[in-house]
Amino acid sequence: MAKVVYEKTRGLTENPLSYCPGCTHGIIHKLIGEVLVELNVLERTIAIAPVGCSVLAYNYFNCDGVQAGHGRAPAVATGIKRTNPDKIVFTYQGDGDLAAIGTAEIVHAAHRGENITVFFVNNAIYGMTGGQMAPTTLIDMKTSTSPAGRQLDGAGMPILVSEMLSQIPSVTYIERVATHDIANLDKTKRAIRKALQNQMDGKGFSMVEILGTCPIGWAKTPADAMDFVKEKMIPYYPLGVYADKGAR
């Protein structure tokens with residue numbers, strides 16, 4: 001009898017993913033789904049979908065899901081968690097959703113120390129709406145609204161969300177991870193597990209920032225997009241733990 005060495009996690013539904021070829025949203029979904037099953041919390045989890053490429057995330061995670069207005073996922077998660085403290089509540093947000101229109105929501109949820117988990121996917125661009133410059137777009141990076149590249153004069157520096165939120169006293173855990181190779185995918189899964197475990201233990205606000213790819217928006221092949229994360233994004237967005245009050 002053949003030995004099963006891999007099977008799709010039941011943390012995801014059978015619905016085909018809508019993401020572009022080479023986009024790492026699907027990989028990140030897989031990791032989150034696996035961890036929800038491994039922690040035995042899938043049946044009591046509520047996912048908050050954003051507005052952006054992952055706007056249909058509630059169709060992919062095999063748990064209850066809610067659609068939030070653009071940027072409002074942390075506020076929606078706050079209300080759900082406070083009224084259903086026994087549930088595991090996570091938001092899944094892109095950089096346009098979390099770091100632009102939703103900046104106030106994420107900052108205040110962190111300041112309140114809400115016992116929620118945030119998965120923040122940073123691909124340095126507005127992927128769904130046409131590849132516009134985002135708050136996280138790198139200097140000199142070309143987008144549909146910065147065809148000559150993002151310029152410091154006028155656009156300023158890309159926002160460093162993990163560094164900013166790590167200064168908030170009521171934050172429990174923040175880590176930045178990446179998706180460009182197997183070793184970093186392993187670290188990403190461990191960070192996802194830790195962030196969800198913190199919520200299970202009632203420790204408060206946790207966020208995992210995940211550097212993802214957008215081959216279509218970046219006008220790169222999937223392989224070149226992985227190299228872009230390593231060579232361009234990580235130097236500006238260093239990987240690592242930025243806050244961990246549960247560390248020993």
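Guide: What follows is a set of questions and answers on a predicted model.

Visitor: How do you know that the structure holds zero disulfides?

Guide: A disulfide needs two cysteine sulfur atoms within 2.5 Å. The sulfur of Cys20 has its closest cysteine sulfur in Cys23, 6.6 Å away, so that distance is too far for a bond. Cys53 is in no disulfide either, as the nearest cysteine sulfur, in Cys214, is 6.0 Å away. The count for the structure is zero.

Visitor: Why is Cys20 called partly exposed?

Guide: The label covers values between 20% and 50% relative accessible area. Cys20 has 43%, so Cys20 counts as partly exposed. Cys53, at 29%, is partly exposed as well.

Visitor: What makes Arg176 and Glu163 a salt bridge?

Guide: The limit is 4 Å between a side-chain nitrogen of Lys or Arg and a carboxyl oxygen of Asp or Glu. In Arg176 and Glu163 the closest N and O atoms are 2.6 Å apart, and the pair forms a salt bridge. Arg176 lies in strand S5 and Glu163 in helix H6, so the pair ties together parts that are 13 residues apart in sequence.

Visitor: Which other residue forms a salt bridge with Arg176?

Guide: Glu209 does, with the closest N and O atoms 3.1 Å apart. This pair links strand S5 to strand S6, 33 residues apart.

Visitor: Are Arg176 and Glu209 buried or exposed?

Guide: Buried means under 20% relative accessible area. Arg176 has 1%, so Arg176 is buried. Glu209 has 0%, so Glu209 is buried.

Visitor: Why is Glu114 called buried, and what is Arg112 called?

Guide: Glu114 has a relative accessible area of 6%, so Glu114 is buried. Arg112 has 42% and therefore counts as partly exposed. The two form a salt bridge, with their closest N and O atoms 2.6 Å apart.

Visitor: How do you know that helix H1 is mostly covered?

Guide: Of the 14 residues of H1, 10 are buried. Among them are Ile28, Leu31, Ile32 and Val35. The cover over the buried residues of H1 includes strands S1, S3, S4 and S6 and helix H7.

Visitor: What is the span of H1 set against?

Guide: H1 runs over residues 25-38 and reaches 20 Å from its first C-alpha to its last, close to the 20 Å expected at 1.5 Å a residue.

Definitions and conventions:
Residues numbered from 1 in each chain as written. Predicted model: local features only at pLDDT ≥ 70, side-chain atom pairs only at ≥ 80, totals over all residues. Heavy atoms only, no water. Buried < 20%, exposed > 50% of the residue type's maximum accessible area, 1.4 Å probe, protein only. Helix = DSSP H or I, 4+ residues; strand = E, 2+ residues; numbered from the N terminus. Expected span 1.5 Å × (residues − 1). Contact = heavy atoms within 4.5 Å.
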